Amino acid sequence: MLARCLSASLQGLEARPVVVEVDLAPGLPGVQLVGLPDKAIQESRERVRSALRNSGFRGPLVRVVINLAPADLRKDCPSFDLPIALALLVASGQLARPQLEGLWCAGELGLDGSLRPCRGVIALAAKAQQHKAQALVVPPENAQEASLIEGLTIRTAANLRTLVEQLKGERPWPATGSSTRSSTQPTKLASWPCLDSSLASRALALSAAGGHHLLLSSRLARRRTLTPSWGGEPGPRWRALP
């Protein structure tokens, strides 16, 4: 039986849609994972198997093929644990197929079935909203981050067992916070000193906001560049480099 679950893979600062396909076929028990997964995703076979068993679900006793489509896109990060587990439950008849329609999800699974946070949730939520997803399921630690994307329903659960019960309607969904942004004191790029809408200025603003290192390279060697510096103060100050 074939089952699908929607997710995404982080590529730089953007997310690319990924369809997790799970097929159960007669044969010797085993799990084959294809679709250019990295080492962390390949190890998800053991995490998902233990999470299913410790959550009270039946593990696959047949040949399992898991495909991460598109096949030519390299995937990394263990955030595919959750979509793989949900697709396995649908393929094995432990979860109804309509309960995953329009649902995007991402999250790492512990061996006890707990949902652990993953990176790149904002980019994933933005891509899910762009593709008109009905809801996005993320671990509790990522729920507030994902709710920054307007117009997208965020769902969360503490563990895999609770999530399945919520999908079946046996348990209510917890509140995940508002997805609307506060209108008080809006942060505008134009309000920052000496900033405009150019790509370099946006990179400087992001570097200052996150406290990241930044290297600027330009063919115009004589052009003066404004860079942020803190000097022990909470906010960034600006200095000109010759």
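Author: Two residues are in contact when they have heavy atoms within 4.5 Å. The model discussed here is predicted: local features need pLDDT of at least 70 and side-chain atom pairs count only at pLDDT 80 or more, while totals for chains, interfaces and linings use all residues. Residues are numbered from 1 along each chain as its sequence is written, and side-chain values use heavy atoms, with hydrogens and water left out.

Reader: With which residues is Ser 79 in contact, leaving aside its neighbours within four places in sequence?

Author: Apart from those neighbours, Ser 79 touches Ala 106, Gly 107, Glu 108 and Cys 118. Ser 79 belongs to the loop between E4 and H3.

Reader: Does Ser 79 count as buried or exposed?

Author: A residue is buried under 20% relative accessible area, exposed over 50% and partly exposed in between (1.4 Å probe, protein chains only). Ser 79 has a relative accessibility of 5% and so counts as buried. For the protein chain of 242 residues, the buried share is 40%.

Reader: How many helices and strands does the secondary structure of the protein chain come to?

Author: Helices (H or I, at least four residues) and strands (E, at least two) are DSSP runs, numbered from the N terminus. The protein chain has 7 helices and 11 strands. Of its contacts with a separation of 6 or more, 62% are between residues 24 or more positions apart.

Reader: How many bridges join strand E1 to strand E2?

Author: Strands pair if DSSP finds at least two bridges between them. Strands E1 (residues 2-11) and E2 (residues 14-25) run antiparallel and are joined by 10 bridges. Cys 5 faces Val 20 in E2, and Ala 8 faces Pro 17 in E2. The hairpin of E1 and E2 has 2 residues between the strands, and Gly 12 has a positive phi near 70° there. E2 also pairs with strand E4 (residues 63-69), in the antiparallel sense, over 7 bridges. Leu 24 has Val 64 in E4 as its bridge partner.

Reader: At what angle do helix H2 and H3 pack?

Author: Axes are lines fitted to C-alpha atoms, for helices over the stretch in contact, and angles run from 0 to 180 degrees between N-to-C directions. Helix H2 (residues 44-54) packs against H3 at an angle of about 55°, and their axes are 10 Å apart. H2 and H3 are therefore oblique to each other; angles under 35 degrees count as roughly parallel, over 145 as roughly antiparallel, 65 to 115 as roughly perpendicular and the rest as oblique. H2 contributes Ser 44, Arg 47, Val 48 and Leu 52 to the contact, and H3 contributes Asp 81, Ile 84, Ala 85, Leu 88 and Leu 89. By class, the contact of H2 with H3 has 6 nonpolar, 1 polar and 2 charged residues. Here Ala, Val, Leu, Ile, Met, Phe, Trp, Tyr, Cys and Pro count as nonpolar, Asp, Glu, Lys and Arg as charged, and the others, Gly among them, as polar.

Reader: Which residues in H3 meet residues in H6?

Author: The axes of helix H3 (residues 81-91) and helix H6 (residues 160-167) come within 12 Å and cross at roughly 55°. Leu 82, Ala 85, Leu 86 and Leu 89 in H3 meet Leu 160, Leu 163, Val 164 and Leu 167 in H6. The residues of this contact of H3 with H6 are 8 nonpolar, no polar and no charged.

Reader: Where is Trp 173 found?

Author: Trp 173 is in the loop between H6 and helix H7 (199-210). Trp 173 is partly exposed, at a relative accessible area of 26%. Leaving aside neighbours within four places in sequence, its contacts are Arg 155, Thr 156, Leu 163, Gln 166 and Leu 167. The C-alpha atoms of Trp 173 and Leu 163 are separated by 8.7 Å, with the two residues 10 apart along the chain.

Reader: What covers the buried residues of H4?

Author: The buried residues of helix H4 (residues 121-130) are Val 121, Ala 123, Leu 124, Ala 125, Lys 127 and Ala 128. Their cover includes E1, E2, strand E5 (103-105), strand E8 (135-138) and helix H5 (140-146).
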